[in-house]
Amino acid sequence: MADELEGAIAVPAWLFEMERKMLYALRVHPSCEQKVTRGLRLRGVDYYLPTMPQTRAVTQRSRWNSAERRIERRFIVPVFPGLLFVPEWVAHHASQLRSVDGVIGLLRFGDWIATLNDEWSNRLIDAVRMANTPRSKRALLFKAGDVVKIVDGPFRGFSATFDGLDSKGRLSVVMSIFGRLQPLPLTAEQIEPV
């Protein structure tokens, strides 16, 4: 299952050293991602398991009486359960990969093998980095008063002014709509600096 939070797994260095980031999706049995990564690490095989922190409510019971209390625990969970990503040079040795306990094989759709090209690899890395950045530090990407461009959603293409974080940790921008300043809660992926 999910390992308890000890620190987010960083993006491996070999991923930045590659000229062409062609990644192949490797299917693994459900909830076996950590076991497979240990097996690949023992064999010296490069892999990338994108993870993100997740908070879950857990009930703790006392040993001595029937008292219960609910606490929140943080876990590191895979972004894509059942999938790991391997570089192109590793994917060509698929028979060796299947020898690792828990590996099913490369993700296929008929005869086509699922791959991530440079653009999608970079998007995946950026999205995982954003998910692993604490909400309180996400605001450091923008300062209050910065002009930003909205790149996704119904206001795509419009400019707005960054306002700060709202009460739920979402980024808040202010946009002039019909001559009136209107706050809009957006995610970090929906805006970019101008």
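Visitor: Let us start with E2. How many of the six residues of E2 are buried?
Guide: Please bear in mind that this is a predicted model. Five of the six residues of E2 are buried, so the strand is largely enclosed by the rest of the structure.

Visitor: Which way does E2 pair with E5, and over how many bridges?
Guide: The pairing of E2 with E5 is antiparallel and runs over five bridges. Within it, Ala-25 has Phe-85 of E5 as its bridge partner.

Visitor: How many bridges join E2 to E6?
Guide: Three bridges join them, and the two strands run antiparallel. Leu-26 is bridged to Leu-106 of E6.

Visitor: And how many to E9?
Guide: E9, residues 115-116, is joined to E2 by two bridges, again in the antiparallel sense. Tyr-24 stands opposite Thr-115 there.

Visitor: What about Asp-101, buried or exposed?
Guide: Asp-101 counts as exposed, at 54% relative accessibility. It lies in the loop between H4 and E6. Its C-alpha is 9.2 Å from that of His-29, although the two residues are 72 apart along the chain.

Visitor: Changing topic: how many aromatic pairs are there?
Guide: The structure holds three. One of them joins Phe-80 and Phe-85 edge-to-face, at 5.9 Å centre to centre and with 80° between the planes. Phe-85 is buried at 5% relative accessibility, whereas Phe-80 is partly exposed at 34%.

Visitor: How are the rings of Phe-155 and Phe-158 arranged?
Guide: Their centres are 6.3 Å apart and their planes stand at 75°, so this pair is edge-to-face. Phe-155 is partly exposed at 27% relative accessibility, and Phe-158 is partly exposed at 44%.

Visitor: Which ring does the charged end of Arg-56 sit over?
Guide: It sits over the ring of Phe-75, 5.1 Å from the ring centre. Another such case is Arg-123, which lies over the face of Trp-120 at 4.6 Å from the ring centre.

Visitor: What span does helix H5 reach?
Guide: H5, residues 118-132, reaches 21 Å from its first C-alpha to its last, close to the 21 Å expected for its 15 residues at 1.5 Å a residue.

Visitor: Which residues in H5 are buried?
Guide: Ser-121, Leu-124, Ile-125, Val-128 and Met-130 are buried in H5. In general, an α-helix has 3.6 residues a turn, so residues three or four places apart point the same way.

Visitor: Finally, what is the strand order in the open sheet of five strands?
Guide: The order is E13-E12-E11-E10-E14, with antiparallel pairing. E13 (180-186) and E14 (191-193) stand at the edges with a single partner strand each, so one side of each has no neighbour in the sheet. The twist averages 45° from one strand to the next.

Visitor: How many bridges join E12 to E13?
Guide: Seven bridges join E12, residues 171-177, to E13, and the two run antiparallel. Ile-177 has Arg-180 as its bridge partner in E13.

Definitions and conventions. Residues are numbered from 1 along each chain as its sequence is written. This is a predicted model: local features need pLDDT of at least 70, side-chain atom pairs count only at pLDDT 80 or more; totals for chains, interfaces and linings use all residues. Side-chain values use heavy atoms; hydrogens and water are left out. Two strands pair if DSSP finds at least two bridges between them. Helices (H or I, at least four residues) and strands (E, at least two) are DSSP runs, numbered from the N terminus. Axes are lines fitted to C-alpha atoms, for helices over the stretch in contact, and angles run from 0 to 180 degrees between N-to-C directions. The expected span of a helix is 1.5 Å times one less than its number of residues. Buried means under 20% relative accessible area, exposed over 50%, partly exposed in between (1.4 Å probe, protein chains only). Rings of Phe, Tyr and Trp (its six-membered ring) pair if their centres lie within 6.5 Å; planes under 30 degrees apart count as stacked, over 60 as edge-to-face and the rest as tilted. A charge sits over a ring if NZ of Lys or CZ of Arg is within 6 Å of the ring centre and within 35 degrees of the ring normal.
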